[in-house]
Amino acid sequence: MKGFDSFWEIGIGLWLTLAVSPPGTGNPGLQVTVSNSSPRQGEIVVLRLNDAGVSRAAVSKREKNLPFFPSLTRKGEWLALVPFDLEDPPGDYRQDLAVVFSSGREERREIALRLEPGQFGRRELHLPAGMVHPPASKRARIAAERALLEEVFRKVSPQIKITGRFLSPFPGFQGVAFGEERILNGERRSPHGGVDCPAREGTTVAASDSGTVVLARELYFEGNTVIIDHGLGIYTMYLHLKSFQVSEGYEVRRGEVIGWVGHTGRGTGPHLHFGARILGERVDPNQLLGLSFD
Ligand SMILES: [Zn+2]
């Protein structure tokens with residue numbers, strides 16, 4: 001139940017303030033707060049800037065740039081979500097923070113984070129042979145779908161579209177098994193990239209936040225799938241749906257019904273697989289549900 005532990009860590013606000021002033025400048029400096037300087041694999045670190053003079057800011061993760069976005073309610077406050085993929089190697093990470101003020105002045109800061117190993121479970125599943133080793137006739141389809149998903153997650157839409165905290169896809173949603181090592185019919189497969197919650201077939205599934213539906217179609221392994229682009233490289237995904245009622249390109253509102261729980265694609269019974277990606281990195285959706293954008 002590691003996902004919920006980290007939920008509460010964020011929820012109670014373990015905010016740590018980093019160096020407030022650059023030494024020796026006499027400048028009050030930029031205030032940067034870091035939600036957690038030693039995240040675990042699959043966790044999200046939230047950076048906040050509090051300065052009314054900021055005109056734009058970004059932080060780097062590997063070669064990717066993460067733009068800051070304004071707080072939904074607090075003027076002069078900016079946020080960025082730094083994702084750690086569930087398979088990012090543990091160790092020291094240095095993020096470069098670059099800020100441009102409306103005066104034209106620029107400031108750079110280095111933010112040191114230490115990534116700790118995730119505490120993931122292990123599960124052996126027994127599925128019909130055809131789902132573990134799909135027939136040769138399906139290989140082209142599977143390869144095309146994999147490429148399509150990569151293409152979807154590679155895109156970083158420049159505008160943030162969220163309109164509040166991320167919502168659970170349905171009341172009572174308890175997503176488990178993030179990062180779990182999966183052994184399918186005795187063979188080791190890639191770890192579980194999202195969370196699962198069993199539910200009655202036909203349970204309504206709501207959009208966790210506002211955004212654009214960028215994928216709504218039936219995929220071989222994932223079944224009926226909806227993916228929402230929330231802007232700035234943030235995506236949520238809903239898998240194995242019985243059916244969906246949104247189409248690609250639709251601007252969905254936070255909490256709007258997008259489809260119904262089912263067991264299409266590869267799975268063992270009716271459940272919702274809920275996934276979250278930030279800049280392509282697989283993060284724990286329970287982390288996303290615990291974040292405040294105020
Ligand atoms: Zn799943």
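Helix 3 lies largely in the open, because the number of buried residues among its 16 is one. The model described here is a predicted one, and its domain assignment divides the protein into domain 1, covering residues 2-115, and domain 2, covering residues 122-289.

**Helix 3**

- Helix 3 runs over residues 139-154 and spans 23 Å from its first C-alpha to its last, which is close to the 22 Å expected at 1.5 Å a residue.

**The contact between the domains**

- The C-alpha centres of domain 1 and domain 2 are 27 Å apart, and the contact draws 21 residues from domain 1 and 21 residues from domain 2.
- On the side of domain 1 that touches domain 2, the elements giving two or more residues are helix 1 (2-11), strand 5 (64-67) and strand 7 (77-83).
- Helix 1 gives the most to this side of domain 1, with five residues.
- By kind, the residues on the side of domain 1 that touches domain 2 divide into twelve nonpolar, four polar and five charged.

**The sheet with strand order 5-4-8-9**

- Four strands make up an open sheet in the order 5-4-8-9, and the pairing in this sheet is antiparallel.
- Strand 5 and strand 9 (106-115) stand at the edges with a single partner strand each, so one side of each has no neighbour in the sheet.
- From one strand to the next, the twist of this sheet averages 25 degrees.
- Within the sheet, strand 4 (residues 54-61) and strand 8 (residues 91-101) pair in the antiparallel sense over five bridges, and A58 stands opposite A98 in strand 8.
- Strand 5 is also among the elements that give two or more residues to the side of domain 1 that touches domain 2.

**The sheet with strand order 10-11-12**

- Three strands form an open sheet in the order 10-11-12, with mixed pairing.
- The edge strands of this sheet are strand 10 (122-125) and strand 12, each of which pairs on one side only.
- Neighbouring strands of the sheet are turned against each other by 30 degrees on average, with direction ignored.
- Strand 11 and strand 12 run antiparallel and are joined by three bridges, and the bridge partner of L184 in strand 12 is E187.

**Residues with a positive phi**

- Most residues other than glycine have a negative phi.
- N185, although not a glycine, has a positive phi of about 45 degrees, and its place is in the loop between strand 11 (181-184) and strand 12 (187-189).
- N185 has 14 other C-beta atoms within 10 Å, and therefore counts as partly exposed.
- H240 is likewise not a glycine and has a positive phi of about 65 degrees, but H240 is found in strand 17 (residues 234-244).
- H240 has 23 other C-beta atoms within 10 Å, and is therefore buried, given that the cut-off for a buried residue is 20 or more.

**Q31 and D51**

- Q31 is found in the loop between strand 1 (16-17) and strand 2 (32-34), and with 15 C-beta neighbours inside 10 Å Q31 counts as partly exposed.
- Q31 and D51 are 20 residues apart along the chain, and their C-alpha atoms are separated by 7.1 Å.

Conventions: Residues numbered from 1 in each chain as written. Predicted model: local features only at pLDDT ≥ 70, side-chain atom pairs only at ≥ 80, totals over all residues. Domains from an automatic or database assignment. Contact = placed C-beta atoms within 7 Å. Nonpolar A, V, L, I, M, F, W, Y, C, P; charged D, E, K, R; others polar. Buried ≥ 20, exposed ≤ 12 C-beta atoms within 10 Å, placed from the backbone. Expected span 1.5 Å × (residues − 1). Pairing = 2+ DSSP bridges. Axes fitted to C-alpha atoms, helices over the stretch in contact; angles between N-to-C directions.
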